[in-house]
Amino acid sequence: MAGSAEGDLNSNLLHTPYRTGDPQLDTAIGQWLRWDQNPKTKEQIENLLRNGMNKELRDRLCCRMTFGTAGLRSAMGAGFCYINDLTVIQSTQGMYKYLERCFSDFKQRGFVVGYDTRGQITSSCSSQRLAKLTAAVLLAKDVPVYLFSRYVPTPFVPYAVQELKAVAGVMITASHNRKEDNGYKVYWETGAQITSPHDKEILKCIEECVEPWNGSWNDNLVDTSPLKKDPLQDICRKYMEDLKKICFHRELNSKTTLKFVHTSFHGVGHDYVQLAFQVFGFKPPIPVPEQKDPDPDFSTVKCPNPEEGESVLELSLRLAEKENARIVLATDPDADRLAVAELQENGHWKVFTGNELAALFGWWMFDCWKKNKSTNADVKNVYMLATTVSSKILKAVALKEGFHFEETLPGFKWIGSRIKDLLENGKEVLFAFEESIGFLCGTSVLDKDGVSAAVVVAEMASYLETMGITLKQQLIKVYEKYGHHISKTSYFLCYDPSTIKSIFEKLRNFDSPKEYPKFCGTFAILHVRDVTTGYDSSQPNKKSVLPVSKNSQMITFTFQNGCVATLRTSGTEPKIKYYAEMCASPDQSDTAFLEEELKKLIDALIENFLEPSKNGLVWRSV
């Protein structure tokens, strides 16, 4: 009896107009229940409706995801603002519509789809399933699809887009985000992530194609369509072949006595890092057994982000001590970022920051270029890049060595598209980075790449070992030569968008309307740059050289004492991040003084500009 009542209720849910008192919500509920063919996510919405949870229904159904610094990213689950079968189908339909408009040869060149190992049982949602649905939408429209037959590192998708001359590609990943999240990362034909105006135009197209087309749910096409190809073997072989371009000491690598431990953080990296080590002539790195295989629950770490340091590297550090390995390499779950730790003589581990690793990479890539360059190579043709919130150390190296250094907005999508421009103009780009442990050595891929970065660090360490120098000692040498750059990056959690907005609006109207602060506590401010509004007090016309980025908040303060500090919102998480760096000249060698000055400035920045207790901000806890 109860069963038939339940059946009647489900039938009523599908066929009655909804009377929540909110016409927009009623329409959205109707659309969801008509369009969603995933029983688990459909049931989530039905349960909320049955229990009268109108606020949660509104939160889930009355807004859509937007493109952040890494494409679409959200929690997995039911609703138009979450990642699920239906929203991925809608996003791909919008992509199809936009690409059809942009490329007359779309149906000849095709589209690349890759995925990581994330998943959520309660929503019947996994990266692999979302990748199959992405492919199905396009196959149903007669578009050739290169769908990887197994999980791959994120950099394989932009690499494949360029190699296969596809018009675009998508990687289903939420990288190092918490386990509940997933994402839809879009690459253009250049192999770089999409930037404006493509993101806005694709969103418009998604909104015009919200109802699933005939065939969009037909994931059987992945197994039956002759238009589906598996690029895995071909791309893996070519990628590994291209790695040789940044390998300079293969013979030395094969003889090294150094041992390396690698953790893939329950993600995709293990097999690919093993192969990369083979290409460079190394013995295989020692894997962390508990973390080597994919696990969507990331069950041995508090959070799957190697950037969080020693607390999340516990298993790999203990294994390294047991195996007598001095260096630990940690790729994040989609293997596009890299953390590195080195055992010091005092028995403690040094976990390098992204900025410190960049100083080492910059020195190494330039040193290798100098030693291997052709006779007619010109240093003025050489470039390195970093995002504007990253360390200025490469700027100092460039000034001394004669090559070019450029900054971009935060997010590797800006670096990728700028590198493409430079390459098209005959320039040579050796290295690019963002402080959040994202590195690119060479230009075979136009996105950050943890696989190549891991093996380059191994080669650098092996080379230094022959001279009895550790990575930490070499880092000190780099700073002594080019000037100490001491930086600190952290964040606060803030789940209320209106609080975030008011914090930044206060900075724009500090002591009086339309006036930025002139002091932060006792520290005098020399210049202010506000990329959100396009203002820069250091420029003659007061306009920011970096493009305006209205969708995110970002203000940079340059202080009279040589410190540069930036406050910005995260493009992928509910965070307010701060970045601060003391940039000293080589003759300023008192690092203790520089560190103390930086600490005082950060304390003043938090107390005066962020006001955590007043604004209810949650301190980062690791």
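Is Y98 buried or exposed? In this predicted model, Y98 is buried, with a relative accessible area of 6%. The sections below place this residue within the sheet, the aromatic pairs and the nonpolar cores.

Strand 2 (residues 111-115) and strand 5 (residues 145-147) run parallel and are joined by three bridges. Within this pairing, V113 has L147 of strand 5 as its bridge partner.

Across the whole structure, a search finds 26 aromatic pairs. One of them is formed by Y98 and W188. This pair is tilted, with 5.8 Å centre to centre and 40° between the planes. Y98 lies in helix 5 and W188 in strand 7, so the pair links distant parts of the chain, 90 residues apart. W188 counts as buried because its relative accessibility is 10%, and the cut-off for burial is under 20%.

F156 and Y272 form another aromatic pair, in this case edge-to-face. Their ring centres are 5.1 Å apart, with 70° between the planes. This pair also links distant parts of the chain. F156 belongs to helix 8 and Y272 to helix 13 (residues 269-279), 116 residues apart. Both residues are buried. Ring pairs extend the link into a cluster of F156, Y159, Y239 and Y272.

The largest nonpolar core has 110 residues. F361, F431, F439 and L471 have the most contacts inside this core. At least three of its residues come from each of domain 1 (67-236) and domain 2 (247-372 + 379-481). Leaving aside neighbours within four places in sequence, F361 is in contact with F431, F439, C441, A453, V456, V457 and M460. Two of these partners, F431 and F439, are also among the residues with the most contacts inside the core. A second, separate core has 38 residues, including M95, C125, Y184 and I202.

Definitions and conventions. Residues numbered from 1 in each chain as written. Predicted model: local features only at pLDDT ≥ 70, side-chain atom pairs only at ≥ 80, totals over all residues. Heavy atoms only, no water. Core = buried A, V, L, I, M, F, W, Y, C linked by side-chain atoms within 4.5 Å. Buried < 20%, exposed > 50% of the residue type's maximum accessible area, 1.4 Å probe, protein only. Domains from an automatic or database assignment. Contact = heavy atoms within 4.5 Å. Pairing = 2+ DSSP bridges. Helix = DSSP H or I, 4+ residues; strand = E, 2+ residues; numbered from the N terminus. Phe/Tyr/Trp six-rings, centres within 6.5 Å; stacked < 30°, edge-to-face > 60°.
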